[in-house]
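Visitor: I would like to go through this entry with you. Could we begin once it is on the screen?
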Amino acid sequence: MVVKNMHRPFALLLLDVAILCRVFVATTRPNIILIVADDLGYNDVSFHGSNQIPTPNIDSLAYGGIILNNYYVSPICTPTRGALMTGRHPIQTGLQSGVIVASQPYGLPLNETIMPQFFQKLGYRRHMVGKWHLGFHKKEFTPMYRGFETHYGYYLGCGDYYDHTSEANEEYFGFDFMRNTTVDFTGIGQYSTELFRQEANTIIQKHNTSEPLFLYLPFQAVHSGNLPSGKSLQAPTKYIKRFPHIKNTERKTYAAMVSALDDAVGSIVQTLKDKNMYSNSIIVFTTDNGGPANGFDGNAASNFPLRGVKATLWEGGVRGVGFISSPLLQTKGYVSNQMIHVTDWLPTLYTAAGGKASDLHNLYGIDQWGVLQTNGKPVRTEILHNIDPMDKTEAIRVGDYKLLHGPITGYWDGWYPPYQLSEKLSYDKMQMSVYKHTNRSELGILQETGKPVTIQCGPKPANASTNCQANKVPCLYHIPSDPCEYNNIASSHMDIVTKLLAKIVEYKSTMMVPPGNKPFDPAGNPRVNGGIWRPWLD
């Protein structure tokens with residue numbers, strides 16, 4: 001009995017140590033803030049050299065972190081978001097063809113484990129603020145049933161920034177805004193970017209810092225609004241007034257939308273600092289696809305000088321705006337030219353959070369944490385941009401070479417400068433124009449400065465628009481020397497064309513599942529669901 005009594009305090013001590021270890025691990029795991037900008041163009045941030053739109057808060061994070069200069073996403077929304085959440089390529093999940101529209105009854109398959117579910121295993125609190133667009137026909141497809149503890153936002157791909165309705169067409173129109181699983185009308189009349197900024201700040205302010213935070217923040221900005229209603233671009237007047245130097249109305253409003261997004265990012269970073277969470281936080285910023293330029297999809301984004309727009313496989317459709325920023329990075333303040341794909345974020349952030357990427361199975365994504373930490377040797381050498389069996393298009397990048405095949409040309413395949421300024425402004429003059437019309441208390445955190453990362457194209461040949469007929473024969477480009485896809489070199493490099501076509505065949509045979517797309521279901525029309533976009537199938 002004496003021996004047993006002597007061992008009991010020791011056993012309790014071991015229990016206390018185990019509990020303390022778990023608490024220490026939980027509190028030392030980094031907070032992860034994952035920000036997605038919707039339809040942001042490559043040429044719409046000043047750290048990429050935009051001479052129209054200053055983005056001081058976004059720039060501060062980018063220059064102080066790692067700018068991703070060889071970073072790729074899918075050409076359109078739903079595929080990128082599915083890839084981001086699963087670490088798997090859209091051809092693996094059936095999301096490779098277009099986006100989920102209105103009452104199409106499909107989504108990211110339920111057998112896919114997604115990012116918040118993985119982070120739950122590591123003890124994270126998990127919140128989502130913003131756009132879902134991965135299916136909602138059944139409640140099981142919505143965020144609250146897929147690992148998030150809260151969701152404040154909307155289900156579909158676009159909508160009105162103030163009244164929060166979503167209009168697929170005149171027949172399919174309804175309200176689309178939720179708090180968790182309940183329809184939320186309280187934000188009517190308030191600008192969505194500001195609503196999402198406020199909600200994100202509230203989550204951070206209320207967060208128990210003894211636990212790590214995963215905050216997924218896919219903004220509505222800067223996607224166009226309800227096109228049938230003619231409200232494609234919307235911004236508060238105070239932001240529009242910041243851009244007197246832009247005379248084109250659409251581009252001016254678009255710039256205002258970007259500026260509101262930039263302010264939101266700055267506000268969230270400041271809240272992290274006020275809560276003493278910033279020093280242990282990792283912030284990732286990404287767009288979901290290239291920008292819809294010069295009227296495409298009712299928008300006024302710019303990817304110039306890159307070729308193409310959103311929904312195309314040209315660089316302007318798939319080369320993403322992206323960076324990672326954190327005091328925890330061992331090496332930072334540099335421009336990464338390592339090849340990175342949107343699917344890489346899941347294993348990369350899981351490793352950064354203390355998990356083992358080897359526990360994540362059947363991914364297309366690659367763990368890039370070590371590469372980013374050290375500016376190390378590239379670990380990815382190829383990216384399948386897409387294989388779409390419905391529209392018969394395909395594109396792949398292997399090493400320095402990119403191949404495109406299918407009916408790609410003739411559809412928004414040009415080079416689209418931004419709607420023009422009334423005069424050519426320097427960056428400093430542009431900033432002064434914006435600041436003059438801005439309350440200085442609204443300005444962001446101008447802490448880090450750097451040299452903009454710009455694209456250099458070289459001379460444009462006279463036949464740049466006609467030398468690729470990808471619907472007839474594959475086209476080939478050497479991206480490092482020809483990022484603007486001026487020079488189709490397929491005819492002189494048929495050995496490389498053959499190699500890349502074989503790679504596509506390999507992907508088709510080993511990874512691809514059929515697209516999950518389905519036609520509209522009339523039972524999901526808001527007209528028969530109380531005017532609301534909500535799950536309608538049991």
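Visitor: How far apart are the end C-alpha atoms of helix α8, and what should its 26 residues span?
Guide: The end C-alpha atoms of α8 (residues 249–274) are 37 Å apart, which agrees with the 38 Å that its 26 residues should span. The expected span is 1.5 Å times one less than the number of residues in the helix. Helices (H or I, at least four residues) and strands (E, at least two) are DSSP runs, numbered from the N terminus. Please note that this is a predicted model, in which local features need pLDDT of at least 70 and side-chain atom pairs count only at pLDDT 80 or more, while totals for chains, interfaces and linings use all residues. Residues are numbered from 1 along each chain as its sequence is written, and side-chain values use heavy atoms, with hydrogens and water left out.

Visitor: How many residues of α8 are buried?
Guide: Of the 26 residues, 20 are buried, so the helix is mostly covered. Buried means under 20% relative accessible area, exposed over 50%, and partly exposed in between (1.4 Å probe, protein chains only).

Visitor: And what is found at the start of α8?
Guide: There, a side-chain oxygen of Asn-248 reaches to within 3.1 Å of the backbone nitrogen of Glu-250. After the helix comes Asn-276, with a positive phi near 60 degrees.

Visitor: Changing topic, how many disulfides are there?
Guide: The count comes to two, a disulfide being a pair of cysteine sulfur atoms within 2.5 Å. Cys-457 and Cys-484 form one, with their sulfur atoms 1.7 Å apart. That pair links distant parts of the chain, 27 residues apart: Cys-457 lies in the loop between α12 (427–436) and β18 (475–478), and Cys-484 in the loop between β18 and α13 (494–510).

Visitor: Is that link left-handed or right-handed?
Guide: The link of Cys-457 and Cys-484 is left-handed, with -40 degrees about the S-S bond. Both Cys-457 and Cys-484 are buried.

Visitor: Which cysteines form the other one?
Guide: Cys-468 and Cys-475 do, with their sulfur atoms 2.0 Å apart. The torsion about their S-S bond is about 100 degrees, so this disulfide is right-handed. Cys-468 counts as buried at 1% relative accessibility, and Cys-475 is buried at 0%. Counting bonded cysteines along the chain, the pattern is 1-4, 2-3.

Terms used. A polar contact is a pair of N or O atoms within 3.5 Å; within protein, one must be able to donate a hydrogen and the other to accept it, and residues adjacent in sequence count only if both atoms are side-chain atoms.
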